[in-house]
Amino acid sequence: MSNRVNVLKTCKLYIGGKFSRSESEHYFQVLDKKQKPLANLCRASRKDLRNAIQAARKAQADWAGRTAYNRGQILYRMAEMLEGRRDQFITELERAAVSRRNAENEVDLAIDRLVHYAGWTDKYPALFSSVNPVASAHFNFSIPEPTGVVGVIAPDNGALIGLVSLIAPVIAGGNTCVVISSEKHGSIACTLAEIIHSSDVPGGVVNMLTGFRADLVPHLSAHMDVNAVLSAADDTDQKKIIQENAHLNVKRVHFYDGTDWLKEQSQSPYYIMDFQEIKTTWHPVGT
Amino acid sequence: MIPDFKQTVPVDQIGVDERVARFRTRSIKKESKLFALKLALQMVDLTTLEGMDSPGKVRQLCYKALYPHGTDPDIPRVAAICVYPNRVRLAAEILKGSGIHVASVATSFPSGMGTLESRIEEVKYAVDEGADEIDMVISRWAFLKGEYGFVFDEIAAIKEACGPAHLKVILETGELETYENIRKASDIAIYAGADFIKTSTGKISPAATMPVTLVMLYAIRDYFLKTGTRIGMKPAGGIRDSKTALHYLVMVKETLGADWLNPDLFRFGASSLANDLLMQILKQKTGHYQSPDYFSIG
């Protein structure tokens with residue numbers, strides 16, 4: 001059977017734990033590193049974005065309410081699943097973007113980065129909490145809590161490692177997220193969504209959209225139910241739009257563009273803390 | 001004049017379901033959408049029917065009716081508040097002079113299993129307390145047993161007890177099993193004197209659905225063609241989002257005509273729908289998707 005026709009994967013959006021086509025029925029083509037057609041991806045519309053944000057909101061309380069230990073287990077499970085499909089990612093990365101050696105390095109690093117953040121889930125609260133001296137009969141303490149729903153805009157550098165480095169700290173801290181993948185590397189994001197789907201990550205915690213940033217970023221940054229925006233895309237105009245729109249509901253905004261995600265320093269608990277709010281409690285005690 | 005209720009009016013189930021599927025494909029945009037959203041908001045009966053309805057809860061709901069979203073004058077008020085009889089006086093005091101109606105469920109809501117005397121007593125109490133709309137439940141057990149005369153008589157008796165108050169008759173369609181039964185119960189209620197017919201108590205699933213509502217709208221239409229009298233319709237329970245509400249409006253418009261597109265003849269029994277409508281209205285006005293964080297609870 002040498003005449004067999006290959007069965008190609010239909011790349012879909014990942015919203016609320018389900019793989020669905022774009023409501024708009026629009027598609028766009030991405031090219032591999034030799035400028036040959038690589039895949040047709042869904043071009044997410046603002047309604048897909050809205051649905052994804054709704055799904056993220058719905059999932060947030062449950063995700064934040066899980067034990068830190070459980071979140072760590074699930075992140076570790078993601079690393080396990082990625083390890084199991086290491087060869088597939090290497091092949092895909094090599095075709096889409098980089099040399100074989102770099103692809104191997106990037107996949108291994110992505111696995112290790114998930115393990116890194118899996119380990120932090122039950123430790124960062126201890127590290128960043130404090131007991132504060134106050135001049136009254138109160139036990140006063142401050143603890144970090146998740147910001148809520150985070151819009152994540154993926155970088156164009158580091159097709160896999162960039163995505164993982166952004167998503168892992170955000171969800172490790174109990175947030176849920178809506179990810180707008182890189183326009184160039186959407187097919188890698190699609191495959192990563194399959195890893196997430198099969199790793200006990202509850203539906204809605206990570207929602208993965210492929211499409212054009214210009215279609216989505218203005219609506220994401222203006223959406224009143226998004227609590228924070230994290231952008232690693234190197235785009236001055238869109239950074240301006242995000243900053244302007246963020247005032248509507250005082251979104252927390254962080255820009256990570258220009259970061260080399262392949263470096264060891266590009267992982268740390270401070271990335272988790274970027275999407276945490278500090279809550280201080282005054283607990284009365286006897287004098 | 002009054003039809004023989006032993007005769008069944010056939011309902012084409014496939015036809016009804018397919019017609020409804022068509023209504024669900026309609027898409028309303030821009031100015032028309034804003035108009036429809038505001039209209040739908042004016043048709044909402046803001047409802048709380050829980051054993052835990054404290055005076056504070058009812059007061060909060062009344063304020064929500066008076067000030068749906070701050071004091072923005074461009075945002076219309078809802079049609080009515082719907083509460084249990086022992087909260088009617090409080091609601092009536094707060095809403096006095098606002099034009100918002102006070103509706104009360106009565107007649108041993110939600111089961112309807114009280115004696116006729118006690119149910120009539122409850123209606124009179126609610127009207128005395130200040131309710132100008134009464135939502136009654138029919139005796140489903142009697143209807144399903146085929147005692148249509150019993151159901152007709154109880155509705156007529158309660159209509160009489162209502163005096164000047166409007167009567168909405170809840171069929172509890174989730175318990176009536178077939179579209180034919182729903183059609184028959186609608187006819188009985190209409191001929192017995194209902195001002196409105198209403199799908200559900202909200203205590204049983206399924207509550208309001210579009211096919212069931214369409215069957216009831218057909219009953220209203222046939223009665224109008226025969227007598228020239230307009231009966232109102234109130235789907236209640238399970239309508240949570242604006243999109244569904246707009247589909248209902250399309251269905252009403254295309255089944256009964258634009259005359260029914262006002263709060264005197266069409267209502268939504270709902271609690272969470274109001275905030276979704278408000279969020280969509282604000283979305284239309286500002287261009288930004290909204291968050292429930294910035295809307296008062298009702």
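This is a predicted model: local features need pLDDT of at least 70, side-chain atom pairs count only at pLDDT 80 or more; totals for chains, interfaces and linings use all residues.
Eight strands of chain B build an open sheet, and their order across it is 7-6-5-4-3-2-1-8. The pairing in this sheet is parallel. Its two edges are formed by strand 7 (232-234) and strand 8 (268-270) of chain B, each of which pairs on one side only. On average, neighbouring strands of the sheet are turned by 25° against each other, with direction ignored. One of the pairings joins strand 2 (residues 80-83) of chain B to strand 3 (residues 101-105) of chain B, with four bridges in the parallel sense. Within strand 3 of chain B, the residue standing opposite B:Val83 is B:Ser104.

Strand 5 of chain A and strand 6 (residues 138-146) of chain A run antiparallel and are joined by three bridges. A:Asn132 has A:Asn140, in strand 6 of chain A, as its bridge partner.

Back in chain B, a pair of helices deserves a look. Helix 2 (residues 30-42) of chain B and helix 11 (residues 273-286) of chain B have axes that come within 10 Å and cross at roughly 155°. Because angles over 145 degrees count as roughly antiparallel, helix 2 of chain B is roughly antiparallel to helix 11 of chain B. The crossing of helix 2 and helix 11 of chain B is left-handed. On the side of helix 2 of chain B, the residues that meet helix 11 include B:Leu34, B:Leu37 and B:Leu41. Among their counterparts in helix 11 of chain B are B:Ala274, B:Leu277 and B:Ile281. By class, the residues of this helix contact divide into seven nonpolar, two polar and two charged.

Some backbone details of chain B also stand out. Most residues other than glycine have a negative phi, and most peptide bonds are trans. B:Lys30 counts as exposed because it has 8 C-beta neighbours inside 10 Å, and the limit for an exposed residue is 12 or fewer. B:Ser108 likewise has a positive phi of about 55° without being a glycine. B:Ser108 is partly exposed, with 17 other C-beta atoms within 10 Å.

The loop between strand 3 and helix 5 of chain B, where B:Ser108 is found, also holds B:Pro110. The peptide bond from B:Phe109 to B:Pro110 is cis, with omega near 0°. A cis peptide bond also joins B:Ser205 and B:Pro206, where omega is about 0°. B:Pro206 has its place in the loop between strand 6 (196-198) and helix 9 (210-227) of chain B.

Finally, the two chains touch. Eight residues of chain A are in contact with five residues of chain B. The side of chain A that touches chain B has three nonpolar, three polar and two charged residues.

Technical notes: Residues are numbered from 1 along each chain as its sequence is written. Chains are lettered from A and ligands numbered from 1 in the order in which they are written. Two strands pair if DSSP finds at least two bridges between them. Axes are lines fitted to C-alpha atoms, for helices over the stretch in contact, and angles run from 0 to 180 degrees between N-to-C directions. Two residues are in contact if their C-beta atoms, placed from the backbone, lie within 7 Å. Ala, Val, Leu, Ile, Met, Phe, Trp, Tyr, Cys and Pro count as nonpolar, Asp, Glu, Lys and Arg as charged, and the others, Gly among them, as polar. Angles under 35 degrees count as roughly parallel, over 145 as roughly antiparallel, 65 to 115 as roughly perpendicular and the rest as oblique. A crossing is left-handed if the near helix is turned anticlockwise from the far one by less than a right angle, and right-handed if clockwise. A residue is buried if 20 or more other C-beta atoms lie within 10 Å of its own, exposed if 12 or fewer, and partly exposed in between; C-beta atoms are placed from the backbone.
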